[in-house]
Amino acid sequence: KKILVLNGPNINMLGVREKNIYGQQDYAALCEYIGQEAAALNVEVEVRQSNFEGELVTLIQQAYGKFDGIVINPAALTHYSVALLDAIKAVALPTIEVHLSNIHSREEFRHRSVTAAACLGQICGLGFQGYALALRALAEKG
Ligand code: DQA
């Protein structure tokens, strides 16, 4: 199986940004973790990050016919991007939304996800482990 892992705006700032919320580990460490977990699950992964909504839309579109599933942390776009919602719906690939932090224990504006409605499910609050669990769910799916 081939899984696309997409990270949205500011996820590349892990290890620098709000460490009390997102932890000490940097983005390279997240990529390495995802690579190791994928290898253990025997799935192929491509990990991409973009600060641009349109680029994320394009990456989702390009996943059509090329990947078997998507793990996405849309970051701030989670809370308002109808374009990402529509892109996930358009390709109709099994998609799991991941958030490092527990968005429900934070500011009210983070409680709502616009994008989760197009996803199989959502995992939040478990840090890096959320990505591993999402990969596992996709690996075990049909
Ligand atoms: C996040 C949560 C979002 O609210 C925030 O804008 C992010 C990261 C998370 O992984 O916890 O950038 O998606």
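This is a predicted model: local features need pLDDT of at least 70, side-chain atom pairs count only at pLDDT 80 or more; totals for chains, interfaces and linings use all residues.

Me: What makes S1 and S3 a pair of strands, and do they run parallel or antiparallel?

Reply: Pairing takes at least two bridges. S1 and S3 are joined by five bridges, so they pair, and they run parallel. Within this pairing, Asn7 stands opposite Asn73 in S3.

Me: What about S3 and S4: how many bridges join them?

Reply: Three bridges join S3 to S4, and these strands also run parallel. Here Ile70 stands opposite Thr95 in S4.

Me: Why is S3 called largely enclosed?

Reply: A residue is buried if 20 or more other C-beta atoms lie within 10 Å of its own. Five of the five residues of S3 are buried, so the rest of the structure largely encloses this strand. Gly69, Val71 and Asn73 point one way, while Ile70 and Ile72 point the other way, and all are buried.

Me: Which elements do the buried residues of H5 pack against?

Reply: The buried residues of H5 include Tyr131, Leu135 and Leu138. Contact needs C-beta atoms within 7 Å, and the buried residues of H5 pack against S1, H2, S3, S4 and S5.

Me: What kind of unit do S3, H4 and S4 make?

Reply: They make a right-handed β-α-β unit, with H4 spanning residues 82-91.

Me: Which classes of residue make up the shell around the ligand?

Reply: The shell has four nonpolar, five polar and one charged residues. Among the residues around the ligand are Asn10, Asn73, His99 and Arg110. Arg counts as charged.

Definitions and conventions:
Residues are numbered from 1 along each chain as its sequence is written. A residue is buried if 20 or more other C-beta atoms lie within 10 Å of its own, exposed if 12 or fewer, and partly exposed in between; C-beta atoms are placed from the backbone. Helices (H or I, at least four residues) and strands (E, at least two) are DSSP runs, numbered from the N terminus. Two residues are in contact if their C-beta atoms, placed from the backbone, lie within 7 Å. A residue is near a molecule or strand if its C-beta atom, placed from the backbone, lies within 6 Å of it. A crossover is right-handed if, with the strands pointing away from the viewer, the path from the first strand over the helix to the second runs clockwise.
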